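Open your viewer and get the selection tool ready. We'll hop from one spot to the next, and at each stop you'll get something to select.

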Amino acid sequence: METLFELIRRLIDIPSVTGEEGDVATFVEKTLAARGFQVRLQEVESGRYNVYALTNGKPKVVLCTHLDTVPPFYESSEDEEFIYGRGACDAKGCLAAMVEAATRLREQNVEGLGLLFVVGEEVDSIGAKTANRLEPGSSFVLVGEPTESRMASGHKGTFGFVLRTRGRAAHSAYPELGDSAIERMMDVLEKIRRADWGQSSALGPATVNVGKLAGGVAPNVIAAEARADVLVRLIGKAAEAEARLQEILGGDPHIEYQVFSKNDAVTCETLPGFDVAPVSFGTDIPALTGLGKPLLLGPGSIHDAHGANEKVGKQEAVRAVDLYYQAASELLERAS
């Protein structure tokens, strides 16, 4: 049986960029089966599988994190303090710590514990949405993400949309003969950026990011089309944010939008004795509608995720095993 650090490195060294999680799912399935868990693969799409494992009996508590990573792949390495590589903290360090904690509980003949490792969290949460068909009937789901080992009291929601503006092309020497889609886009983006999207004492202010911007064909041509991809990190309801956007657009027939992400802000359960703080990033929690009340906890920092120097602290990973063990034990007692 691998040690915790060996398991983290083995997981990192199996590339699992979103859409290509098949090999890591197979490895996790075999690892859990060798440790005595009842394991099944749940097909999400061809070659893509969630991994679902149980101790004994119907699950009351499920430990859940994701198998996929963002690109590009970086293999593992380590020094005295950290393990490095793609997925080190987001979220293969969480996964390994959950496996170790669950193994300890299984060896104590604990009943009612499940493990769920899903695909697609980094893109569309398709694995989490598919996992709801498992119908485990659990009371709690403890989700692993890099929260710096603090139990998250909640996280922001998302309202993401593609904005398109239309105009009329013309020679730039005669702008009065055209209608600039780029200028229209600049005006509406300024209104969006200055709008009040809400503020919360728990989650702070909602934030707006214009992540992509494109339009026009040449500097001497009035632009006929423009596009912007916008993501609002919400502190409330996504439906309210969409209504606010519609008010800003004012029914302008030259502007249209298409939503690509729409999730309400999340409130999480917490347990006494744990450090608690909110986070701003999103998770699979809004998609995990069938697994009970959510909690959110994991080793590592989101500021290290998605970068070339992604890492997880070795001692923090060891502590995460204890934290997951403690949290699962308390939740199992509460659910009994």
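In which helix does Ala-128 lie? Select Ala-128 and you'll find that it lies in helix H4 (residues 126-131). Helices here are DSSP runs of H or I with at least four residues, strands are runs of E with at least two, and both are numbered from the N terminus.

Before we move on, a word about what you're looking at. This is a predicted model, in which local features need pLDDT of at least 70 and side-chain atom pairs count only at pLDDT 80 or more, while totals for chains, interfaces and linings use all residues. Residues are numbered from 1 along each chain as its sequence is written, and side-chain values use heavy atoms, with hydrogens and water left out.

**Stop 1: around Ala-128**

Stay on Ala-128. Is Ala-128 buried or exposed? Its relative accessibility is 0%, so Ala-128 counts as buried (buried means under 20% relative accessible area, exposed over 50%, partly exposed in between, with a 1.4 Å probe and protein chains only). Now show its contacts, meaning heavy atoms within 4.5 Å. Skipping neighbours within four places in sequence, Ala-128 touches Val-118, Val-119, Asp-284, Ala-287 and Leu-288. Then try the distance tool: from Ala-128 to Phe-140 is twelve residues in sequence and 15 Å in space, C-alpha to C-alpha.

**Stop 2: the whole chain**

Zoom out. The chain has seven helices and 18 strands, and its C-alpha trace spans about 80 × 40 × 40 Å along the principal axes. Of the 336 residues, 50% are buried. Take the contacts between residues at least 6 apart in sequence: 80% of them join residues at least 24 apart.

**Stop 3: the largest nonpolar core**

A nonpolar core is a set of buried Ala, Val, Leu, Ile, Met, Phe, Trp, Tyr and Cys residues joined through side-chain atoms within 4.5 Å. The largest one here has 55 residues, and those touching the most other members are Leu-11, Val-28, Leu-32, Leu-67, Leu-115, Phe-117 and Tyr-324. Colour helix H3 (88-107) next, one of the elements that supply at least two residues; H3 gives the most, twelve residues. Click on Val-28 too: leaving aside neighbours within four places in sequence, its contacts are Leu-11, Val-51, Leu-67, Leu-95 and Phe-117.

**Stop 4: helix pairs**

Select H1 and H2. They pack at about 150°, with axes 10 Å apart (axes are lines fitted to C-alpha atoms, for helices over the stretch in contact, and angles run from 0 to 180 degrees between N-to-C directions). H1 and H2 are therefore roughly antiparallel; the cut-offs are under 35 degrees for roughly parallel, over 145 for roughly antiparallel, 65 to 115 for roughly perpendicular, and oblique for the rest. Leu-7, Arg-10 and Leu-11 of H1 meet Val-24, Phe-27, Val-28 and Thr-31 of H2.

Look for Leu-4, Phe-5 and Ile-8 in H1, which meet Lys-314, Ala-317, Val-318 and Val-321 in H7.

Last, pick H5 (residues 181-194) and H6 (residues 238-249), whose axes come within 10 Å and cross at roughly 140°. That makes H5 oblique to H6. Which residues make the contact? Show Val-188, Lys-191 and Ile-192 of H5, then Leu-245, Ile-248 and Leu-249 of H6.
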